[in-house]
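Please keep the sequence and the model side by side while reading.

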Amino acid sequence: MTGGQLAAAAPEPALGLPGLGLPGLGLPGLGLPGLGLPGLGLPGLDLSGPDASGLDVTTDPGLSGAGAGLGLMLGLGLLLVWTGLPRHRRPGLEQRLHPYLRDAPLPSRLLAAPQIGGSGALAALLRPVVSDLAGGIERVLGGSASVRRRLLRAGRAPDLDRFRAEQVLWGAAGTVAGAAAGVSLWLAEGTSVVPVMILTLVGTGVGIVAKDQWLSRQANQREQRMLAEFPTVAELLALAVGAGEGAVGALERVCRLSRGELADELGRCLADARAGANLPTALQGLADRTGLPSLSRFVDGMVIAVQRGTPLAEVLRAQAQDVREAGRRAVMEEGGKKEIAMMVPVVFLVLPVTVLFAVFPGFTLLRFTI
């Protein structure tokens, strides 16, 4: 072999790592000269960008962020599971006192007032805040006597604190609705944040006032139902009294046979009478809880009949007839109001169309020339 052939056949001293102190391996910079990365010493295979050989090894920061978030969530979940194991839970005060109070008699759940919002942990945390806000509404609005009166008329317990707490919840719902409307307007038109704040405050006020108006509506609807039931109940009482039963026996029979708001109120009167109050006082409580003149006259007639022994059947029949006549008059008055309202579509819709149908054929036959 010649000298040139020996030089060509001789192995390259290409495995050297000068930086790592391995000159015999000859990787000039991590260097496989046949493969070659510019940063890694492989000039034949460039992975520094997507343009050299079509391979893109750049990292995606969004993907790495999502992976980090998932890993963090997995770690937190495992930590919660680990800390929630029974071996890591310390017994609370209730668990430590339970063995000593196991034989104590439990209080009746009938005596516990239902708490608004439930009995969960979130409700327990928010209940003081709701109570403070309810106190603020009471100081601003006032009218506690009127609210209690309307609660009684609506057939509810006169619990002012509970009603104020419900007003707070309605106000919170109105706040959310107003804020949503304001944010939608702000995103659509790009205005300032002042309309958002105004709509939020308006929503809060509307929610609080709407709860008050809803209570008034409930009271009025209940009184209307009681008025509709009163003639039938009075007739049943008159029949029972005419058959020879006393006032208490007649009330018991009517409460047992009938259903409705008035029957429930009469049953409450009987419960008060059985609890120790005399019947006239219990019936007067019915008149105080309702704001209906017809029921007030009914209670007065019942009280006079019980106290003086006067005949009650004719009085009850007369009162039932009076209530029917009052209902008939109310229907006639409502019909008169509706008659005036019905004139609007007749005058502005039906009459113009009729005149148009009557006049249009004549206009089509006329020929106007100048």
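Does Leu-201 count as buried or exposed, and at what relative accessibility? Leu-201 counts as exposed, at 63% relative accessibility, where exposed means over 50% relative accessible area, buried means under 20% and partly exposed lies in between, computed with a 1.4 Å probe on protein chains only.

## Basis of the model

This is a predicted model, in which local features need a pLDDT of at least 70 and side-chain atom pairs count only at pLDDT 80 or more, while totals for chains, interfaces and linings use all residues. Residues are numbered from 1 along each chain as its sequence is written, and side-chain values use heavy atoms, with hydrogens and water left out.

The chain averages a pLDDT of 76, and 74% of the residues score at least 70; pLDDT is the predictor's confidence in each residue, on a scale from 0 to 100. Over residues 1–57 the pLDDT is below 50, although this stretch has 69 contacts in the model beyond near neighbours in sequence, a contact being heavy atoms within 4.5 Å.

## Overall build

The secondary structure comes to twelve helices and zero strands, with helices (H or I, at least four residues) and strands (E, at least two) taken as DSSP runs numbered from the N terminus. Of the 370 residues in the chain, 24% are buried. Among contacts between residues at least 6 apart in sequence, 46% join residues at least 24 apart.

## Nonpolar cores

A nonpolar core is a set of buried Ala, Val, Leu, Ile, Met, Phe, Trp, Tyr and Cys residues joined through side-chain atoms within 4.5 Å. The largest such core has 34 residues, and the members that touch the most others are Leu-237, Leu-251, Leu-283, Phe-298 and Met-302. At least two residues of this core come from each of α7 (194–242), α8 (247–257), α9 (261–274), α10 (279–289), α11 (293–308) and α12 (313–365), and the largest share, eight residues, comes from α7.

Once its neighbours within four places in sequence are left aside, Leu-237 is in contact with Ala-250, Leu-251, Val-254, Phe-298 and Leu-316. There is also a second, separate core of seven residues, which includes Leu-151, Ala-154, Leu-160 and Leu-215. In soluble globular proteins, nonpolar side chains tend to be buried together.

## Helix α10 and its cover

Helix α10 is mostly covered, with eight of its eleven residues buried. Those buried residues are Leu-279, Pro-280, Ala-282, Leu-283, Gly-285, Leu-286, Ala-287 and Arg-289, and what covers them includes α5 (144–153), α8, α9 and α11.

## The pairing of α11 and α12

The axes of α11 and α12 come within 10 Å and cross at roughly 175°, where axes are lines fitted to C-alpha atoms, for helices over the stretch in contact, and angles run from 0 to 180 degrees between N-to-C directions. That makes α11 roughly antiparallel to α12, since angles over 145 degrees count as roughly antiparallel, under 35 as roughly parallel, 65 to 115 as roughly perpendicular and the rest as oblique.

In this pairing, Ser-294, Arg-297, Phe-298, Gly-301 and Met-302 of α11 meet Val-315, Leu-316, Gln-319 and Val-323 of α12. By class, the contact has five nonpolar, three polar and one charged residues; Ala, Val, Leu, Ile, Met, Phe, Trp, Tyr, Cys and Pro count as nonpolar, Asp, Glu, Lys and Arg as charged, and the others, Gly among them, as polar.

Glu-223 has its place in helix α7 and is buried, with a relative accessible area of 7%. Not counting residues up to four places away in sequence, Glu-223 touches Arg-153, Thr-290, Gly-291 and Leu-292.

Helix α7 also holds Ile-198, which is partly exposed with a relative accessible area of 48%, and Leu-201. C-alpha to C-alpha, Ile-198 and Gly-178 are 8.4 Å apart in space and 20 residues apart in sequence, whereas Leu-201 and Gly-171 are 9.5 Å apart in space and 30 residues apart in sequence. In helix α8 lies Arg-256, which counts as exposed at 52% relative accessibility; its C-alpha is 8.7 Å from that of Gly-267, eleven residues apart in sequence.
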